[in-house]
Each structure stands twice: as structure tokens, then as C-alpha cells.
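I wanted to see what I could look up in one structure in a single sitting. Here are my notebook entries, in the order I made them.

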Amino acid sequence: MALRRSRFAESLARSPRVVWDTAPLIYHLGGLEPWSELTTIAIDTMAAGGLEGVVSTVTIAEMLVRPFQTGNPETVAECETFLLAMPGASIVSPDYAIARRAASLRGSLGLRMPDALICATALELDAGLITNDASLDRVPELDIILLSRFVR
């Protein structure tokens, strides 16, 4: 598979801030190609100060499920270390405005609550959303950075 690296970098440059959906971070931690190559570009851009990253506590909760299921404390620690030390990233918890926007998205579009909360975070922070979930394209006004668009 060929990657459209420069188009991905241009897509990242459209917004000074991006919210991370859960799957791309799982791809990154697992080294799942070709997705992890794209996520590395985004994380390197964040580390260089060219992009602000945001991780919702909802994403953290979703990411930690599997490590806790395995019962391996080293896997949990690895995941937590990565999330807490992501360069150029901050962790955001849903506040009232995010929760209200999520309820609106769930009510109008039928999104699952975790997706609604992550999308609402991006909308409230005027940020793009790095995801690989094409169904989120139906969220109005959301700048989706869909990883699959950059793989051919």
C-alpha cells in the first residue's frame, strides 16, 4: 500500500489542533501498518510544535480496556506512559458544553456515546479529528482527518 504522506501533512496543517480518536492511537501503539506510519507523522508534528494534540479521557478509557483485560500490568503501564507523555498533547475531560454537544449529536445522528463525546470535544475545541471511522463523516462541521483517505 502506498501512503499519501504529503496530503496527510497538508490535512494536518488545516487545523492548529487535533483531537485523537481511539483507533489511531491503538494503531500507533501496536505498530499497525500502514496506519502507524501516518500516526507517527502526526505525533512528530506535535512534538515539533506544529500541531496541538488533544486526547479525551473517553479515549483513554477506551484504550485501557484491552490492556486491563489481558491482566498484564506492563501493558497497562506502557499504554498509560504513552498517553501521559505524548509530546504536544493535552488531556481533556468532557465538561458541560462537551456533554451537551455529545447529547445533541447522539440525539440527532444516533452516534454511540463514546463517539459522540470525542466528536463533541473536537467541535467544542474547534479542532480536527484524527480517526479511521468513516461513519463520523456525517457529523456536521467536523473536520475529519480520515486515515484511510491517505492510503491507496
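**Entry 1: the largest pocket.** I'm working with a predicted model. I asked which element gives the largest share of the lining of the largest pocket, and it is α4, with five residues. Helices α2 (22-30), α4 (57-70) and α5 (73-85) are the elements that each give two or more residues to this lining. I listed the lining residues too: I26, L29, G30, E62, M63, R66, P67, T70, T75, E78 and C79. Sorted by class, they come out as five nonpolar, three polar and three charged. The space in the largest pocket is about 180 Å³.

**Entry 2: P114.** Next I looked up P114, which sits in helix α7 (residues 113-124). I noted it as partly exposed, because its relative accessibility is 24% and the buried label needs under 20%. What does P114 touch, apart from its neighbours within four places in sequence? I found V58 and E62. E62 was already in my notes, as part of the lining of the largest pocket. I also checked P114 against T22: they are 92 residues apart in sequence, and their C-alpha atoms are 9.6 Å apart in space.

**Entry 3: helix α3.** I went on to α3, which runs over residues 35-47 and has 13 residues. From first C-alpha to last I get 18 Å, close to the 18 Å expected at 1.5 Å a residue. Which residues of α3 are buried? My list reads W35, S36, L38, T39, A42, I43 and M46. They cover an arc of only 155° around the axis, so they are on the same side of α3. A reminder to myself: an α-helix has 3.6 residues a turn, so residues three or four places apart point the same way.

**Entry 4: the backbone around α3.** I checked the loop between α2 and α3, where P34 lies. The peptide bond from E33 to P34 is cis, with omega near 5°. After α3 comes G49, and its phi is positive, near 85°.

**Entry 5: positive phi without glycine.** I wrote down the rule first: most residues other than glycine have a negative phi, and most peptide bonds are trans. Then I looked at D126, in the loop between α7 and β4 (128-131). Its phi is positive, near 50°. E141 is not a glycine either, and has a positive phi of about 65°. I placed E141 in the loop between β4 and β5 (144-146). Buried or exposed? D126 counts as exposed because its relative accessibility is 65%, and E141 counts as exposed at 76%.

Note on methods: Residues are numbered from 1 along each chain as its sequence is written. This is a predicted model: local features need pLDDT of at least 70, side-chain atom pairs count only at pLDDT 80 or more; totals for chains, interfaces and linings use all residues. Side-chain values use heavy atoms; hydrogens and water are left out. Helices (H or I, at least four residues) and strands (E, at least two) are DSSP runs, numbered from the N terminus. The expected span of a helix is 1.5 Å times one less than its number of residues. Buried means under 20% relative accessible area, exposed over 50%, partly exposed in between (1.4 Å probe, protein chains only). The arc is that of the directions from the helix axis to the C-beta atoms. Contact means heavy atoms within 4.5 Å. On a 1 Å grid over the protein atoms alone, a cavity is a set of points where a 1.4 Å probe fits but cannot get out, and a pocket is an open set with protein on both sides within 12 Å along at least five of seven lines; lining residues have an atom within 4 Å of a point. Grid points are joined across faces, edges and corners, and a volume is the space filled by probe spheres set on the points. Ala, Val, Leu, Ile, Met, Phe, Trp, Tyr, Cys and Pro count as nonpolar, Asp, Glu, Lys and Arg as charged, and the others, Gly among them, as polar.
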